[in-house]
Amino acid sequence: MSAAAALAPAPAWPSLADEPAPWDAAPRGEAALAARWFAGLRAPARVEDGRSLRVRFPGVPAPGHGPDARDAVVELDGAELRGDVEFHLRASGWRAHGHHRDPAYARVVLHVVEENDGGALATLHDGGRAIALAVAPRPAVPPPAFEPPCAACARLAPPDAALERLGLERLREKASRARHWAAARGPAPVLHALALETLGGRRNREAFAAIARRLPLPALLERAPAAPAEGRTEALAAALREAARGLPLSRRGLRPAAFPERRLEALAALCARLWPDARPVWPEALADPAAAPRALRVPGIGAAAALELTVNAVLPAALGARLWPADEAIARFRALPAPAAYGQLRPLAGWLGGGGRDPFARAAALQGGLRLHDRHCARGGCGACPLSAPPPRACGIAREGGE
Ligand code: SF4
């Protein structure tokens, strides 16, 4: 157990307690039920199969198709469950909305309703998997807003240094992974593979990684060795499309510019820019760390995507292969602005910000936020994470001994 954990034992999410008051004072609807869940679900809740429920982390709101909350951590009779949560006013909404046969709901571990109108003991998905069904009647008054320990700490001192430290750890981890690849394949193919993973995004990362395995950089460049500039991009795009054939590519929830076929076209343009001939060597355009984000701007890759590529592909590959002086590369990383806000970090941004301040304005802090979310928030780490140590330890800022 870390020092922080010893100082601040992980609290349960706010306890479930009756709150008698005029019934109609509380807002209605699924959105209100979801708001209560994220605020701490203080209304009485029971699990229909008799188990006790403890919410360790409510997950992250997930608008759009799919479950309402992702990456929640709950305990049922003391047994930890991690996964998604779905809300309905009535339990019958699950089948009425077709969730029982929708693979997007395969990770749901808890179904929270205000009324169990069918009287079932559990909610069923697909081949009969039983999902815990919790009934949380609408409370009389809206619950007070929940605050995890990091919010109070952030008010005492902004957690910028701690976030940057976590971001640097994340970068070094990626560079270490790239180092092993680069030793076997050379730095340029690693850069190409990481660029594919980055452009694939969350939805298509696995499929794009498969494209890199099917068509590594040397093989890709051989497919368009001497074509004129304008024809070369198209030849590269055709080769990438062919390599993608049969892979499970998804457009769901993506804006058109992020559709997989558009991303492959953008990658073809980037490859034509970085590798003007068939030699799979480290690109001349990326010899200088300072030039990286600008060198990556091609049709289909705007300023935000170029920053994503710099952080997730160029820096790890260059650091892993020791192509750039480490101090200079890390100084560049620290200076980079954040590419774009990530939906899963929105609650954390609210807790760690304040007064309109964006705690993830720098790329390093954003990477730190992602690490924090994955390793702590989504694992029920409130009270034991690096940002929730109480004063006078300055809420993790003074901690140097790792997470
Ligand atoms: S685990 Fe996440 S939400 Fe909880 S206190 Fe730490 S940073 Fe905040």
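## Overall picture

The protein has 14 helices and 8 strands, where helices (H or I, at least four residues) and strands (E, at least two) are DSSP runs numbered from the N terminus. Keep in mind that this is a predicted model: local features need pLDDT of at least 70, side-chain atom pairs count only at pLDDT 80 or more, and totals for chains, interfaces and linings use all residues. Residue numbers start from 1 along each chain as its sequence is written.

Of the 403 residues in the protein, 43% are buried. Buried here is a neighbour count: 20 or more other C-beta atoms within 10 Å of the residue's own, against 12 or fewer for exposed and anything in between for partly exposed, with C-beta atoms placed from the backbone. As for contacts with a separation of 6 or more, 69% link residues 24 or more positions apart; a contact is a pair of C-beta atoms, placed from the backbone, within 7 Å.

## Strand E6 and its partners

Take strand E6, residues 108-115: it's mostly covered, with 6 of its 8 residues buried. E6 runs parallel to strand E5 (residues 79-90), and 6 bridges join the two. Strands count as paired if DSSP finds at least two bridges between them.

## The loop residue His100

His100 sits in the loop between helix H3 (93-96) and E6. It is classed as partly exposed because 16 other C-beta atoms lie within 10 Å. Leaving aside residues up to four places away in sequence, His100 touches Trp94, Arg95, Leu124, His125 and Asp126. Thr123 is 23 residues from His100 in sequence, and their C-alpha atoms are 8.5 Å apart in space.

## A bent helix

Helix H6 (residues 187-214) has 28 residues, yet its end C-alpha atoms are only 18 Å apart, short of the 40 Å that a straight helix would reach at 1.5 Å a residue. That expected span is 1.5 Å times one less than the number of residues. H6 bends by about 140 degrees at Gly201, the bend being the angle between axes fitted to the seven residues ending there and the seven starting there.

## Around the ligand

The residues around the ligand include Trp351, His376 and Cys382, picked by a C-beta atom, placed from the backbone, within 6 Å of the molecule. The shell divides into 9 nonpolar, 3 polar and no charged residues. Ala, Val, Leu, Ile, Met, Phe, Trp, Tyr, Cys and Pro count as nonpolar, Asp, Glu, Lys and Arg as charged, and the others, Gly among them, as polar.

Methods
Two residues are in contact if their C-beta atoms, placed from the backbone, lie within 7 Å.
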